[in-house]
Amino acid sequence: MREGHKYDANDNQYLDTLGYDYDFSTLDARADKDVDPDAPICIGMDYNANINWIVAGQPRDRRLNVIKSFYVKFERKIPALVEDFCRYYAEHRNKTVVYYYDATALGSNYAVNEQDYRWWVVHEFKRRGWQVEAVYLGNPMRHDEKYLLINQDFAGKQRLVPFFNRSNNEDLILAIQSAGVSRGRNGFRKDKSGEKLAESEEDLLEHRTDGTDAFDTLYIGCEKFPYHDSFSLSMSGVI
(Lines give C-alpha, C1' and ligand atoms only; values in the text may rest on other atoms or scores of the structure.)
Protein backbone atom coordinates (compact mmCIF):
# COMPACT_ATOMS: atom_id res chain seq x y z
CA MET A 1 0.00 0.00 0.00
CA ARG A 2 1.24 3.45 -0.97
CA GLU A 3 -0.09 6.88 -0.17
CA GLY A 4 -1.72 6.95 -3.60
CA HIS A 5 -3.97 4.05 -2.56
CA LYS A 6 -5.73 6.35 -0.06
CA TYR A 7 -8.27 9.02 -0.90
CA ASP A 8 -10.57 11.56 0.77
CA ALA A 9 -14.26 11.59 -0.08
CA ASN A 10 -16.16 13.85 2.31
CA ASP A 11 -19.36 15.33 0.87
CA ASN A 12 -18.70 18.87 2.05
CA GLN A 13 -21.93 20.16 0.55
CA TYR A 14 -23.91 17.77 2.74
CA LEU A 15 -21.72 18.46 5.78
CA ASP A 16 -22.34 22.20 5.41
CA THR A 17 -26.07 21.60 5.88
CA LEU A 18 -25.65 20.04 9.33
CA GLY A 19 -24.76 23.10 11.36
CA TYR A 20 -22.09 23.63 14.00
CA ASP A 21 -24.02 21.97 16.84
CA TYR A 22 -24.48 18.67 14.98
CA ASP A 23 -23.18 15.54 16.73
CA PHE A 24 -20.66 14.42 14.12
CA SER A 25 -20.21 11.06 15.87
CA THR A 26 -23.60 10.12 14.39
CA LEU A 27 -22.62 10.77 10.76
CA ASP A 28 -23.79 8.20 8.22
CA ALA A 29 -23.05 7.38 4.58
CA ARG A 30 -24.73 10.55 3.31
CA ALA A 31 -21.47 12.29 4.25
CA ASP A 32 -19.46 9.99 1.95
CA LYS A 33 -19.07 11.14 -1.63
CA ASP A 34 -17.55 7.84 -2.81
CA VAL A 35 -20.65 5.70 -2.16
CA ASP A 36 -22.90 4.81 -5.10
CA PRO A 37 -26.32 4.54 -3.38
CA ASP A 38 -27.80 2.58 -6.29
CA ALA A 39 -25.14 -0.16 -6.33
CA PRO A 40 -24.85 -3.13 -3.95
CA ILE A 41 -22.26 -3.03 -1.20
CA CYS A 42 -19.73 -5.87 -1.16
CA ILE A 43 -18.36 -7.07 2.17
CA GLY A 44 -15.67 -9.36 3.51
CA MET A 45 -15.57 -10.36 7.17
CA ASP A 46 -13.31 -11.84 9.82
CA TYR A 47 -14.51 -13.72 12.88
CA ASN A 48 -12.71 -13.91 16.18
CA ALA A 49 -13.62 -14.47 19.83
CA ASN A 50 -12.60 -10.92 20.77
CA ILE A 51 -12.96 -8.86 17.57
CA ASN A 52 -15.12 -9.16 14.46
CA TRP A 53 -14.77 -7.11 11.27
CA ILE A 54 -16.74 -6.02 8.21
CA VAL A 55 -14.79 -4.39 5.38
CA ALA A 56 -17.10 -2.83 2.80
CA GLY A 57 -16.31 -1.92 -0.80
CA GLN A 58 -17.78 -1.06 -4.17
CA PRO A 59 -16.01 -2.02 -7.41
CA ARG A 60 -16.15 0.60 -10.14
CA ASP A 61 -14.30 0.09 -13.42
CA ARG A 62 -10.79 -1.02 -12.37
CA ARG A 63 -11.08 0.38 -8.84
CA LEU A 64 -12.20 -1.35 -5.69
CA ASN A 65 -13.14 1.51 -3.40
CA VAL A 66 -12.93 0.32 0.20
CA ILE A 67 -15.60 2.68 1.43
CA LYS A 68 -15.65 1.80 5.13
CA SER A 69 -14.67 -0.78 7.72
CA PHE A 70 -16.41 -1.71 10.96
CA TYR A 71 -15.38 -3.79 13.96
CA VAL A 72 -16.85 -4.81 17.31
CA LYS A 73 -14.91 -6.05 20.32
CA PHE A 74 -15.42 -8.35 23.30
CA GLU A 75 -19.09 -8.62 24.33
CA ARG A 76 -20.36 -6.98 21.12
CA LYS A 77 -20.68 -9.73 18.50
CA ILE A 78 -21.91 -10.24 14.93
CA PRO A 79 -25.49 -8.94 15.51
CA ALA A 80 -24.08 -5.66 16.84
CA LEU A 81 -21.60 -5.47 13.95
CA VAL A 82 -24.35 -5.90 11.34
CA GLU A 83 -26.48 -3.37 13.23
CA ASP A 84 -23.66 -0.80 13.03
CA PHE A 85 -23.36 -1.38 9.27
CA CYS A 86 -27.11 -1.13 8.65
CA ARG A 87 -27.42 2.01 10.74
CA TYR A 88 -24.60 3.68 8.82
CA TYR A 89 -26.10 2.73 5.44
CA ALA A 90 -29.74 3.23 6.43
CA GLU A 91 -30.23 5.74 3.58
CA HIS A 92 -28.58 3.48 0.97
CA ARG A 93 -31.13 2.96 -1.80
CA ASN A 94 -29.93 -0.45 -3.00
CA LYS A 95 -30.35 -2.60 0.09
CA THR A 96 -28.25 -5.46 -1.30
CA VAL A 97 -25.15 -6.86 0.37
CA VAL A 98 -22.82 -9.14 -1.58
CA TYR A 99 -21.40 -11.20 1.26
CA TYR A 100 -18.17 -12.97 0.34
CA TYR A 101 -17.21 -15.75 2.73
CA ASP A 102 -14.92 -18.76 2.81
CA ALA A 103 -14.81 -21.97 4.81
CA THR A 104 -13.79 -20.11 7.98
CA ALA A 105 -17.40 -18.86 8.23
CA LEU A 106 -18.78 -22.41 8.39
CA GLY A 107 -19.15 -24.73 11.34
CA SER A 108 -17.84 -22.34 14.00
CA ASN A 109 -19.68 -20.05 16.36
CA TYR A 110 -17.47 -18.67 19.11
CA ALA A 111 -18.42 -15.14 18.05
CA VAL A 112 -22.11 -15.98 18.45
CA ASN A 113 -24.08 -18.74 20.11
CA GLU A 114 -25.99 -21.39 18.16
CA GLN A 115 -25.49 -21.19 14.37
CA ASP A 116 -22.29 -20.64 12.39
CA TYR A 117 -21.06 -17.25 11.29
CA ARG A 118 -22.56 -17.42 7.80
CA TRP A 119 -26.02 -18.15 9.17
CA TRP A 120 -25.85 -15.28 11.64
CA VAL A 121 -24.60 -12.75 9.08
CA VAL A 122 -27.31 -13.62 6.55
CA HIS A 123 -29.98 -13.75 9.27
CA GLU A 124 -29.06 -10.38 10.79
CA PHE A 125 -28.96 -8.57 7.45
CA LYS A 126 -32.29 -10.01 6.32
CA ARG A 127 -33.86 -9.19 9.67
CA ARG A 128 -32.99 -5.55 9.01
CA GLY A 129 -34.49 -5.51 5.52
CA TRP A 130 -31.40 -6.13 3.40
CA GLN A 131 -31.14 -8.65 0.57
CA VAL A 132 -28.07 -10.89 0.83
CA GLU A 133 -26.19 -12.41 -2.09
CA ALA A 134 -23.93 -14.80 -0.18
CA VAL A 135 -21.04 -15.96 -2.37
CA TYR A 136 -18.93 -18.89 -1.18
CA LEU A 137 -15.21 -18.66 -2.01
CA GLY A 138 -14.33 -22.20 -0.90
CA ASN A 139 -11.33 -22.99 1.27
CA PRO A 140 -9.09 -20.02 2.16
CA MET A 141 -6.47 -19.26 -0.47
CA ARG A 142 -2.96 -20.45 0.36
CA HIS A 143 -0.95 -17.74 2.09
CA ASP A 144 1.75 -17.53 -0.56
CA GLU A 145 -0.84 -17.30 -3.36
CA LYS A 146 -2.79 -14.64 -1.47
CA TYR A 147 0.38 -12.69 -0.70
CA LEU A 148 1.28 -12.62 -4.39
CA LEU A 149 -2.27 -11.70 -5.45
CA ILE A 150 -2.62 -8.84 -2.96
CA ASN A 151 0.78 -7.40 -3.83
CA GLN A 152 -0.07 -7.58 -7.54
CA ASP A 153 -3.37 -5.81 -6.95
CA PHE A 154 -1.64 -2.90 -5.19
CA ALA A 155 0.79 -2.75 -8.13
CA GLY A 156 -2.08 -2.54 -10.61
CA LYS A 157 -1.36 -5.96 -12.16
CA GLN A 158 -4.81 -7.43 -11.43
CA ARG A 159 -8.23 -6.47 -12.74
CA LEU A 160 -9.03 -4.37 -9.66
CA VAL A 161 -6.81 -1.96 -7.74
CA PRO A 162 -7.86 -1.22 -4.13
CA PHE A 163 -8.25 2.34 -2.89
CA PHE A 164 -9.12 3.20 0.70
CA ASN A 165 -11.34 5.98 2.02
CA ARG A 166 -8.83 7.45 4.44
CA SER A 167 -11.18 8.73 7.16
CA ASN A 168 -13.43 5.64 7.12
CA ASN A 169 -10.61 3.08 7.37
CA GLU A 170 -8.05 4.53 9.75
CA ASP A 171 -7.60 1.38 11.83
CA LEU A 172 -7.74 -0.93 8.81
CA ILE A 173 -5.08 1.08 6.97
CA LEU A 174 -2.79 0.96 10.00
CA ALA A 175 -3.36 -2.80 10.34
CA ILE A 176 -2.53 -3.41 6.67
CA GLN A 177 0.59 -1.27 6.78
CA SER A 178 1.89 -3.00 9.93
CA ALA A 179 1.07 -6.61 8.95
CA GLY A 180 4.24 -8.66 8.91
CA VAL A 181 5.39 -11.81 7.10
CA SER A 182 6.73 -14.95 8.74
CA ARG A 183 8.53 -17.92 7.20
CA GLY A 184 7.99 -21.55 8.13
CA ARG A 185 8.33 -25.02 6.71
CA ASN A 186 5.48 -24.34 4.28
CA GLY A 187 6.97 -21.08 2.99
CA PHE A 188 6.00 -17.54 3.88
CA ARG A 189 2.69 -16.35 5.26
CA LYS A 190 1.09 -13.42 7.02
CA ASP A 191 2.36 -13.21 10.58
CA LYS A 192 -0.80 -13.75 12.63
CA SER A 193 0.98 -14.72 15.84
CA GLY A 194 -0.22 -11.62 17.67
CA GLU A 195 -3.93 -12.28 17.23
CA LYS A 196 -4.26 -14.42 20.37
CA LEU A 197 -2.37 -12.11 22.71
CA ALA A 198 -4.16 -10.03 25.32
CA GLU A 199 -4.95 -6.47 24.27
CA SER A 200 -2.92 -3.59 25.68
CA GLU A 201 -2.90 0.17 25.16
CA GLU A 202 0.16 -0.25 22.95
CA ASP A 203 -1.24 -3.25 21.06
CA LEU A 204 -4.92 -2.77 20.24
CA LEU A 205 -6.95 -5.59 18.71
CA GLU A 206 -8.06 -3.40 15.82
CA HIS A 207 -4.45 -2.89 14.71
CA ARG A 208 -3.72 -6.62 14.37
CA THR A 209 -4.19 -8.81 11.31
CA ASP A 210 -7.89 -9.72 11.80
CA GLY A 211 -9.09 -6.72 9.79
CA THR A 212 -6.56 -7.42 7.05
CA ASP A 213 -8.08 -10.89 6.64
CA ALA A 214 -11.51 -9.30 6.15
CA PHE A 215 -10.02 -7.04 3.47
CA ASP A 216 -8.36 -10.05 1.80
CA THR A 217 -11.73 -11.82 1.59
CA LEU A 218 -13.40 -8.72 0.14
CA TYR A 219 -10.68 -8.28 -2.48
CA ILE A 220 -10.55 -11.94 -3.49
CA GLY A 221 -14.33 -12.01 -3.81
CA CYS A 222 -14.56 -8.86 -5.90
CA GLU A 223 -11.61 -9.89 -8.09
CA LYS A 224 -12.56 -13.54 -8.64
CA PHE A 225 -16.36 -13.42 -8.25
CA PRO A 226 -17.60 -9.99 -9.46
CA TYR A 227 -21.01 -9.21 -7.97
CA HIS A 228 -22.71 -8.70 -11.34
CA ASP A 229 -21.91 -12.35 -12.03
CA SER A 230 -22.90 -13.66 -8.62
CA PHE A 231 -26.56 -13.96 -9.52
CA SER A 232 -25.75 -16.62 -12.13
CA LEU A 233 -23.44 -18.72 -9.94
CA SER A 234 -24.45 -22.27 -9.10
CA MET A 235 -26.58 -22.71 -6.02
CA SER A 236 -23.59 -24.19 -4.23
CA GLY A 237 -22.11 -20.70 -4.18
CA VAL A 238 -25.20 -18.63 -3.37
CA ILE A 239 -27.60 -18.74 -0.46
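Tyr 99 and Tyr 101 are both buried in this predicted model. Their ring centres lie 5.2 Å apart with the planes at 25°, so the pair counts as stacked. A search of the whole structure finds 17 aromatic pairs. Another of these joins Phe 85 and Tyr 89, and this pair is tilted. Phe 85 is buried, at 0% relative accessibility, and Tyr 89 is buried with a relative accessible area of 0%.

| Aromatic pair | Centre to centre | Angle between planes | Class |
|---|---|---|---|
| Tyr 99 and Tyr 101 | 5.2 Å | 25° | stacked |
| Phe 85 and Tyr 89 | 4.9 Å | 45° | tilted |

Ring pairs also link Phe 70, Phe 85, Tyr 88, Tyr 89, Phe 125 and Trp 130 into a cluster.

Tyr 88, a member of that cluster, belongs to helix α2, which spans residues 78–88. Tyr 88 has a relative accessible area of 11%, so this residue is buried. Beyond its neighbours within four places in sequence, Tyr 88 is in contact with Leu 27, Asp 28, Ala 29, Asp 32, Lys 68, Phe 70 and Asn 168. The charged end of Lys 68 sits over the Tyr 88 ring, 4.6 Å from its centre. Elsewhere, Arg 63 lies over the face of Phe 163, at 3.9 Å from the ring centre.

The largest nonpolar core has 35 residues, of which Ile 43, Tyr 47, Phe 85, Tyr 89, Tyr 99 and Phe 125 touch the most other members. Elements that each supply at least two residues of this core include β2 (41–46), β5 (96–101), α3 (117–127) and β6 (131–136). Helix α2 gives the most, with 7 residues. Another core, of 27 residues, lies apart from it and has Val 98, Tyr 100, Ile 150 and Phe 164 among its members.

The loop between α2 and β5 holds His 92, which is buried at a relative accessible area of 4%. Its side chain reaches the backbone oxygen of Ala 39 at 2.8 Å. Not counting residues up to four places away in sequence, His 92 touches Ala 39, Ile 41 and Trp 130, among others.

Helix α5 (residues 170–178) has Leu 172, Ile 173, Ala 175 and Ile 176 as its buried residues. These lie on the same side of α5, because they cover an arc of only 160° around the axis. They pack against β1 (6–7), β3 (51–60), β4 (63–73), β7 (161–165) and α6 (210–224).

How values were computed: Residues are numbered from 1 along each chain as its sequence is written. This is a predicted model: local features need pLDDT of at least 70, side-chain atom pairs count only at pLDDT 80 or more; totals for chains, interfaces and linings use all residues. Side-chain values use heavy atoms; hydrogens and water are left out. Buried means under 20% relative accessible area, exposed over 50%, partly exposed in between (1.4 Å probe, protein chains only). Helices (H or I, at least four residues) and strands (E, at least two) are DSSP runs, numbered from the N terminus. The arc is that of the directions from the helix axis to the C-beta atoms. Contact means heavy atoms within 4.5 Å. A nonpolar core is a set of buried Ala, Val, Leu, Ile, Met, Phe, Trp, Tyr and Cys residues joined through side-chain atoms within 4.5 Å. A polar contact is a pair of N or O atoms within 3.5 Å; within protein, one must be able to donate a hydrogen and the other to accept it, and residues adjacent in sequence count only if both atoms are side-chain atoms. Rings of Phe, Tyr and Trp (its six-membered ring) pair if their centres lie within 6.5 Å; planes under 30 degrees apart count as stacked, over 60 as edge-to-face and the rest as tilted. A charge sits over a ring if NZ of Lys or CZ of Arg is within 6 Å of the ring centre and within 35 degrees of the ring normal.
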